[in-house]
Amino acid sequence: MSIQSPLDAALYTALGGTHTNAGTAVFLQVAPDNYPLPYVIWSYVNEGDRNETPHRLKDVVVSIFAYASTPTAAKTIDAQIDGLLHHRTLTVTGWTNFMTRRENGYALEETDSAGKKTWGCGADYRLYLDQ
Amino acid sequence: MISFNMKSENRLNDWIKSVNNEKLPGVVKKHALNISASAAKNAPVDTGLLKNTLADGAKPKDPHKWTISDATEYGVFQELGTSKGVTAKHFLGGAAEREAEPFFEDVRKALG
């Protein structure tokens, strides 16, 4: 049983709206074509089942990236996401999130064929959830 | 180029080195090669360069530390995705995540 659908909803609720400078521009996997910066994309690195207890326990790693036209803007959104998730509790339908923490951080710079740069800043977040 | 260090957290790594257990280098090597193979298996293929260089990308830095890397400039964008529609594949990070539990189980066995 995958946890991704309820977790998708929880992440969108936690990160969307007015919580970061990206507003509601928060997408799973990929942004719509030509969507204006800034925006946030999340994707799943791994979804593991920890078969150590009678309870169902998920160990999920989600990569969350902020893309913006300047490195400062990308870092600001990344810091806002950190504040919303690191050591915070997400409300996930059908599951209890008992730990969320930031792990590996990344910074990327892309240059398109016209020389326009886009800056990405993000991190992996590990979530433990059980039911 | 992307790379992934097959090592434990620094304090644990220092402790493992101090234990000086002769089985641990073999454990680290085994799981580094497993990650390399799994990453190569799941890497996207166009020319095959990314997949092939990942398959041969596990190299020892010291007996307790291996680095897994590809030899392409675009590997990182395939791994982490881009703003221009390339989705993140997480073939290397996912491989490391899946290998973590078996790795620590073997470390526990090696340390008796």
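Between chain B and chain A, 7 residue pairs are in polar contact, with both residues of each pair at pLDDT 80 or more. The side of chain B that touches chain A draws two or more residues from each of two elements of chain B, α4 (75–80) and α5 (91–110). Of these, α5(B) supplies the largest share, 5 residues. By residue class, this side of chain B divides into 4 nonpolar, 8 polar and 4 charged residues. The model is predicted.

Salt bridges also link the two chains. Their count between chain B and chain A is 3. In one salt bridge, the side chain of Glu97(B) meets that of Arg126(A), with an N to O distance of 2.6 Å.

The overall extent of the interface was computed next. In chain B, 16 residues are in contact with 21 residues of chain A. About 1,500 Å² is buried between the two chains. Carbon and sulfur atoms give 55% of that area.

Chain B itself contains 5 helices and 3 strands. Read from the N terminus, its elements follow the order β-α-α-α-β-β-α-α. The chain has 112 residues, and 46% of them are buried. Contacts in chain B were also examined by sequence separation. Among those between residues at least 6 apart in sequence, 63% join residues at least 24 apart. The accessible surface of chain B is about 6,100 Å². Carbon and sulfur atoms account for 52% of this surface.

Definitions and conventions
Residues are numbered from 1 along each chain as its sequence is written. Chains are lettered from A and ligands numbered from 1 in the order in which they are written. This is a predicted model: local features need pLDDT of at least 70, side-chain atom pairs count only at pLDDT 80 or more; totals for chains, interfaces and linings use all residues. Side-chain values use heavy atoms; hydrogens and water are left out. Contact means heavy atoms within 4.5 Å. Buried area is the accessible area (1.4 Å probe) that two parts lose on being put together, summed over both. A salt bridge is a side-chain nitrogen of Lys or Arg within 4 Å of a carboxyl oxygen of Asp or Glu. A polar contact is a pair of N or O atoms within 3.5 Å; within protein, one must be able to donate a hydrogen and the other to accept it, and residues adjacent in sequence count only if both atoms are side-chain atoms. Helices (H or I, at least four residues) and strands (E, at least two) are DSSP runs, numbered from the N terminus. Ala, Val, Leu, Ile, Met, Phe, Trp, Tyr, Cys and Pro count as nonpolar, Asp, Glu, Lys and Arg as charged, and the others, Gly among them, as polar. Buried means under 20% relative accessible area, exposed over 50%, partly exposed in between (1.4 Å probe, protein chains only). Accessible areas come from the Shrake-Rupley method with a 1.4 Å probe; for residues, only the protein chains shown count as cover.
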